[in-house]
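Dear colleague,

I am handing over the structure below, and after it I set out what was found. Please read the text with the coordinates open beside it.

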Amino acid sequence: MGRKNRPRQRSRGLFWQGWGAGYSEIIKENKLFEHYYTELKIVPEGEFEEFMQAMREPLPATMRITGYKSHAKEILHTLKEKYFKEVQDLEVDGQKIEAPQPLSWYPDELAWHTNLSRKILRKSPLLEKFHQFLVSETESGNISRQEAVSMIPPLLMKIEPQHKILDMCAAPGSKTAQLIEMLHSDMDIPFPEGFVIANDVDNKRCYLLVHQAKRLNSPCIMVVNHDASSIPRLYFDQDGKKDILFYDRILCDVPCSGDGTMRKNIDVWKKWTTSNSLQLHGLQIRIAVRGVEQLAVGGRMVYSTCSLNPIEDEAVIAALLEKSEGALELADASADLPGLKYMPGITSWKVMTKEGQWFSDWSEVLKSRHTQIRPTMFPPTDPEKLASMKLERCMRILPHHQNTGGFFVAVLVKKAPMPWNRRYPKELQMGECPADAPVEAVEGESPAEGNPSVPDTPDLLEVKKDDVCGPPPPKKMKLFGFKEDPFVFLTEDDPIFPPVQAFYDLSPDFPKLNVLTRTHEGKKRHLYMVSKELRNVLLNNSERMKVINTGVKIWSRNTDGEQFGCAFRLAQEGVYTLCPYIRARILNISVEDVKVLLTQENPFLSKLGDDAHNQAKKLGMGSIVLRYLPDPKDLNAPQCPIDLCGWRGKTSIRAFVPRNERLHYLRMVGVEVFCDKQGKRNDGSTEIPEGSAEGLSQEADLLEQEGEEMEQNGSESNANGPEPIGSTCDGPHERIYECSEVTHDST
């Protein structure tokens, strides 16, 4: 039974959305906000009016080209040489359009911003083509729509391929995507030693994380669902013994009041009050403390908020440094992003209630307010201690300096284990807890200190009945939300492997133990792969953490393939992960072959060039890799390799590539795919085919709209959980839409 063509909501131009729907009636004034920040003097003298004017202006749209993919330079070349040039010479209603500009501080011109609005996008066919290009490349994972200041924290983490990374409050996932890209900076390494564990407390928002991650097709990402302030300690096998997992890099982008986002979240204007920051301060400290506890000595943790309020910013950092007793220090990141304008952290601030009452010191706070206002909200009173913290190394980004949102970021380096990372004696002389025992989470010592006996969860110290000071018994982990399918690793002698290994001639170093499926019983429908290190984490912590998703799909069951010797066909999502191990079933193709394979549904073998045709005749029927290798002498052709999954039939050949990627590869080889506003095709009809660029643009707009709603409301429409990372329906019986269904012309 075919799928009905239901009418879909048209939602154009969301990629460059500035002001949100329903915000027009909100007056962008808040006297308490102005009074508060005037008094705190976070804005340089004489700039406050400029600061407030910038806060009232729409936020420019920004995008980032996926940095780790080998296609990044091709995407950048296409944007600069085609779309940006067309836009900069364009006039709409007598007004010249400003071409997008690179962010001066982002490396290699991989991030851009523009003031294009939805209204302008609707008025020009050239801008419509530009928009369709952006949404299709976004869904392919080649471009990410992300606020400019949101790109800063991952850049300051200085990530290397071997790093173990924790993203504590990861949803909706734009920063997580950056972390994955940096981990895969060397495309010649299919399995970096490092990995990213992306966590979020909201079960439903975790599925938005999965959507972001699956665009990047990485075997080194795991999405988990925990409260960041009590995220469990994990273990892993090292040299035959079980050790605690400490992370080399941690991103601690905590929940905040968000007053730096007023330019895009206009309702903050009417909802802003100082009580928001006062209520979040304690949670922010608890999350940050849990982060540094799990940070390896020598590691870096980046703390960030989209708030300008020092109660959520410098006060949290100062409390963390004071608790650490020298184990932490603020790193000087001033030279890490040349071109970025920021204000140094402040060392003096006051606390204000929502009624407008000010307090300069904890001693001034009335006892009746001690539950709302805490000592850690004030700067240290000891001048020497305050100076030693070097709070000026914090970075506050103000909107009017580079036309961005407001943001705060600080880089912490761990020099030694935290002071409470030690074992207290089981029995004390007076039967009491030590006076200096911290009320925060009590951690075990690092493995280097020789203490394998550590509590399972961070808990408050308490005096037990036998007067022994120690943590309470661990509680059973509570699980909320959709119950995920199991993650079942295959054994080396699994009967699946011999026919697969023979069919694709897998190299001897193929990591069979890294292959998993999502079912204990019945036929295995899909096979996924994770890195060796993530497998280690999964096997040692299955009862300690709730995993939402991990692994990239590499093979899918295909019943038709059994007669050709292998029941599993290659999946496009995992082709770049798997191809280094495949030594057979590879068909080398030219640029013209790529065009034929991606614009025709089932081209005969004779449609291929002579070289590819001769190779194809020697291959038996079944799944194949279609490989394009660049020719350095032909500068007009793509200068990066392309691997496509295909199927060699009896007399024909076809590519199994999801339609978003199909459009991406066609553009790379010089074929422009475009459908006008009315959805007109070559035959003049107005039906919008499912595989067309117009249909894709609408679909991407809807996904984008859903993503923005999830980001603001913390909701997710998929109640049944996501497909595994990298899952796409591209099976042998899926209809392959010809690109002749949409307007295309060679360029």
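For the feature "binding site", UniProt (unreviewed entry) lists Cys169, Ala170, Ala171, Pro172, Gly173, Ser174, Lys175, Asp200, Asp227 and Asp253; such positions are given in the numbering used here, feature names are shortened, and annotations may be inferred rather than shown by experiment. This is a predicted model, in which local features need pLDDT of at least 70 and side-chain atom pairs count only at pLDDT 80 or more, while totals for chains, interfaces and linings use all residues. Residues are numbered from 1 along each chain as its sequence is written, and side-chain values use heavy atoms, with hydrogens and water left out.

Two of the listed positions can be described further. Ala171 is found in the loop between β7 (164-167) and α7 (174-183), where helices (H or I, at least four residues) and strands (E, at least two) are DSSP runs numbered from the N terminus. Ala171 counts as buried at 11% relative accessibility; buried means under 20% relative accessible area, exposed over 50%, and partly exposed in between, with a 1.4 Å probe and protein chains only. Not counting residues up to four places away in sequence, Ala171 touches Asn199, Asp200, Arg205 and Leu209, a contact being heavy atoms within 4.5 Å. Asp253, found in strand β12 (residues 247-253), is buried as well, with a relative accessible area of 15%. Leaving aside its neighbours within four places in sequence, Asp253 is in contact with Cys169, Lys175, Ser304, Thr305 and Phe407.

The UniProt record (unreviewed entry) also places the feature "active site" at Cys306. Cys306 lies in the loop between β13 (295-305) and α11 (314-324) and is partly exposed, with a relative accessible area of 23%. Apart from neighbours within four places in sequence, Cys306 is in contact with Cys256, Gly258, Asp259, Gly260, Thr261, Gly406 and Phe407.

How many disulfides does the model hold? With a disulfide taken as a pair of cysteine sulfur atoms within 2.5 Å, the count comes to 0. Cys256 is in no disulfide, and its nearest cysteine sulfur, that of Cys306, is 3.2 Å away; Cys256 counts as partly exposed at 21% relative accessibility. Cys645 is likewise in no disulfide, the nearest cysteine sulfur being that of Cys579 at 7.1 Å, and Cys645 is buried, with a relative accessible area of 1%.

As to the overall fold, the protein has 20 helices and 33 strands, and of its 747 residues 59% count as buried. Among contacts between residues at least 6 apart in sequence, 75% join residues at least 24 apart. In soluble globular proteins, nonpolar side chains tend to be buried together. Trp105 is in contact with residues including Ala148, Met151, Leu337 and Gln402, leaving aside neighbours within four places in sequence.

The structure holds 20 aromatic pairs, where rings of Phe, Tyr and Trp (its six-membered ring) pair if their centres lie within 6.5 Å, and planes under 30 degrees apart count as stacked, over 60 as edge-to-face and the rest as tilted. The rings of Phe503 and Tyr504 have their centres 5.0 Å apart and their planes at 85°, so this pair is edge-to-face. Tyr504 also forms a tilted pair with Trp555, at 6.0 Å centre to centre and 35° between the planes. That pair links distant parts of the chain, with Tyr504 in helix α14 (residues 497-504) and Trp555 in strand β26 (residues 552-557), 51 residues apart. Tyr504 is buried at 0% relative accessibility, and Trp555 is buried at 0% too. One aromatic cluster is formed by Phe191, Phe497, Phe503, Tyr504, Phe510, Trp555 and Tyr581.

Trp555 is also one of the residues touched by Leu527, not counting residues up to four places away in sequence. Leu527 is found in strand β24 (residues 526-529) and is buried, with a relative accessible area of 0%.
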